[in-house]
Amino acid sequence: MSATLPETPATSVPAAAPNQLFPFVLQLADTSLILAHRLSEWCGHGPVLEQDLAMANIALDMLGEARSYYQYAAELEGQGRTEDDLAYLRSAVEYRNPLLVEQPNGDFAHTILRQFLFDNFHYHLLRKLKDGPNAQLAAIAEKSVKEAAYHLKWSSEWVIRLGDGTDESRKRLDKAIATLWRFGSELTTPTATETALQEIGVLPDYAALLTEMQAHTEHVFAEATVPLPAPVFAQLGGKTGRHTEHLGYLLSELQYMQRTYPGLTW
Amino acid sequence: METLEKVLTPEEQFQARIDADIRIEPKDWMPDAYRKTLIRQISQHAHSELVGMLPEGNWITRAPSLKRKSILLAKVQDEAGHGLYLYSAAETLGTTRDQMLADLHSGKAKYSSIFNYPTLSWADMGCVGWLVDGAAILNQVPLCRTSYGPYARAMVRVCKEESFHQRQGFEVMQTLCEGAPVQKEMAQEALNRWWWPTLMMFGPKDADSPNTAQSMNWRIKRFTNDELRQKFVDMMVPQAEFLGLTVPDEKVKWNEERQAYDFGEVNWDEFWAVVKGNGLCNHERLQARVDAHEEGAWVREAANAHAAKRAAREAVAA
């Protein structure tokens with residue numbers, strides 16, 4: 001870009017500096033990739049063929065979304081790194097996904113509850129991002145929000161089936177709630193990066209999202225005949241690189257080829 | 001025509017339709033043996049799609065790039081989809097998915113033996129697409145014209161997706177062969193392991209295939225096992241040469257007179273051992289399916305129980 005030409009602002013709100021936007025876009029990318037990875041672990045082992053297909057389908061959507069974010073992040077960084085460098089050559093402490101998505105699949109009830117907590121946030125976030133001031137994020141959100149609407153419908157219906165199914169399914173759902181509920185709040189607890197982006201209007205205020213998310217949770221849990229869980233101590237840290245022990249194992253598998261054979265084209 | 005039908009038995013009328021290449025549909029009369037043969041073949045094919053998800057699923061979490069991961073996941077998802085159409089096609093013959101799965105789990109029903117071999121390196125994802133899907137296409141393209149309508153129609157869609165799978169497998173191999181020496185070695189090593197098992201995918205020699213004659217007569221099958229195996233070798237040897245790889249068979253040689261490649265004898269002892277359940281992965285593949293089914297029982301029960309509760313509530317409300 002020529003130094004003599006004045007920069008034209010793309011939008012009416014102040015543009016986010018790349019050094020603020022880069023870590024946030026990376027956070028979105030890591031989040032989608034790690035959850036896609038977990039879902040893909042089910043492939044061939046689902047409880048019934050239709051649900052095997054559904055989980056592979058959601059994994060594929062999330063992987064596609066992750067790639068869009070990584071490509072945008074690489075562009076923002078401008079250091080010549082590629083989507084694969086960002087995904088395959090960063091360590092666990094450099095990963096920025098919230099703790100929820102790295103939690104192991106457990107049984108189908110754990111997978112469903114993890115998905116429900118995430119989808120409820122993801123869908124409502126994308127609805128805001130698609131109308132947001134950042135054109136690139138808006139374009140990715142526009143495409144992904146349609147998929148996320150289906151994901152949320154799928155996981156909500158399963159929470160209802162498991163909650164209002166058999167005694168066993170209810171017991172398993174209760175156990176999943178006891179294990180995973182503490183990871184839900186991190187999604188809507190802004191980091192310093194997110195707060196900075198909220199202040200300049202690139203990101204929506206999470207308090208507003210929470211109202212919509214809460215309403216949906218209440219509706220689904222009522223249908224599922226499951227009492228709303230009492231608030232629990234929130235586990236935070238993934239978005240700033242402090243992860244549970246599970247992530248290291250996940251990455252050692254995900255990154256195996258790139259680490260074993262550095263610098264090759266596949 | 002009416003007078004003709006009066007003198008022909010149902011079996012003769014059925015065979016006349018087959019001979020005239022008129023498709024048999026679910027409600028048409030068909031001999032019991034035809035029905036049984038088709039249920040066996042279609043369910044075996046559906047089970048192969050289901051079990052076939054496992055060896056490739058084994059590499060989804062370790063795929064070397066995001067693009068490759070995405071393609072592989074989509075491919076395995078297609079296989080689950082093929083399984084669904086094929087189970088549905090078999091159900092039109094009067095069986096149920098539960099029955100077919102019970103037969104798979106008990107070992108009564110078979111699936112393609114090729115999936116009893118392990119996937120050990122990334123190049124195996126290339127070989128499975130290039131060779132295994134290549135062999136599957138040769139087996140399956142004629143099935144688009146098979147005499148039973150629902151099977152033929154399912155196969156049209158399956159074949160379209162399989163040919164995409166085969167191209168991507170070849171492209172994985174090509175990328176390896178054009179890459180670093182370690183990648184080319186990986187490709188050759190995988191070809192060494194997959195070549196003979198893929199030749200076995202066409203089944204026993206014609207002389208040892210008791211069902212072939214009847215299946216050809218019913219136009220369920222349109223080529224014999226040996227004919228298809230020859231076609232496969234003729235197609236693949238030049239492709240391996242193009243990649244700069246060597247097929248692990250010293251007897252492979254172009255025969256000018258036959259206008260086809262000569263090739264060595266398949267190790268039939270290994271073939272029968274794997275068919276009988278003694279391949280390296282037979283136990284774990286079948287166990288993985290049994291486990292998924294048993295561990296998923298409570299999920300299926302919950303879905304049924306919820307649907308019943310909902311129906312009861314709606315009945316009260318109405």
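Helix H13 of chain B, residues 297-317, has 21 residues and reaches 30 Å from its first C-alpha to its last. That is close to the 30 Å expected at 1.5 Å a residue, the expected span being 1.5 Å times one less than the number of residues. Helices here are DSSP runs of H or I with at least four residues, and strands are runs of E with at least two, numbered from the N terminus.

Please note that this is a predicted model, in which local features need pLDDT of at least 70 and side-chain atom pairs count only at pLDDT 80 or more, while totals for chains, interfaces and linings use all residues. Residues are numbered from 1 along each chain as its sequence is written, chains are lettered from A and ligands numbered from 1 in the order in which they are written, and side-chain values use heavy atoms, with hydrogens and water left out.

Which residues of H13(B) are buried? They are Trp298(B), Val299(B), Ala302(B), Ala303(B) and His306(B); buried means under 20% relative accessible area, exposed over 50%, and partly exposed in between, with a 1.4 Å probe and protein chains only. Seen down the axis of H13(B), these residues fall within an arc of 140°, so they line one face of the helix; the arc is that of the directions from the helix axis to the C-beta atoms. On the other side of H13(B), Asn304(B) and Ala315(B) are exposed. The buried residues pack against helices H5, H6 and H7 of chain A, together with helix H12 of chain B, where contact means heavy atoms within 4.5 Å.

I turn now to helix H11 of chain B, residues 268-275, in which Trp268(B), Phe271(B) and Val274(B) are buried. Seen down the axis of H11(B), its buried residues fall within an arc of 125°, so they too line one face of the helix. Their packing partners are H8, H10 and H12 of chain B. After H11(B) comes Gly277(B), whose phi is positive, near 105°.

Next, a loop residue. Ser209(B) lies between H8 and H9 of chain B. Is Ser209(B) buried or exposed? Ser209(B) is buried, with a relative accessible area of 13%. Not counting residues up to four places away in sequence, Ser209(B) touches Pro204(B) and Asn225(B).

Finally, the chain as a whole. Chain B contains 13 helices and two strands. Buried residues make up 53% of its 318 residues. The C-alpha atoms of chain B fill a box of roughly 70 × 60 × 30 Å, taken along the principal axes.
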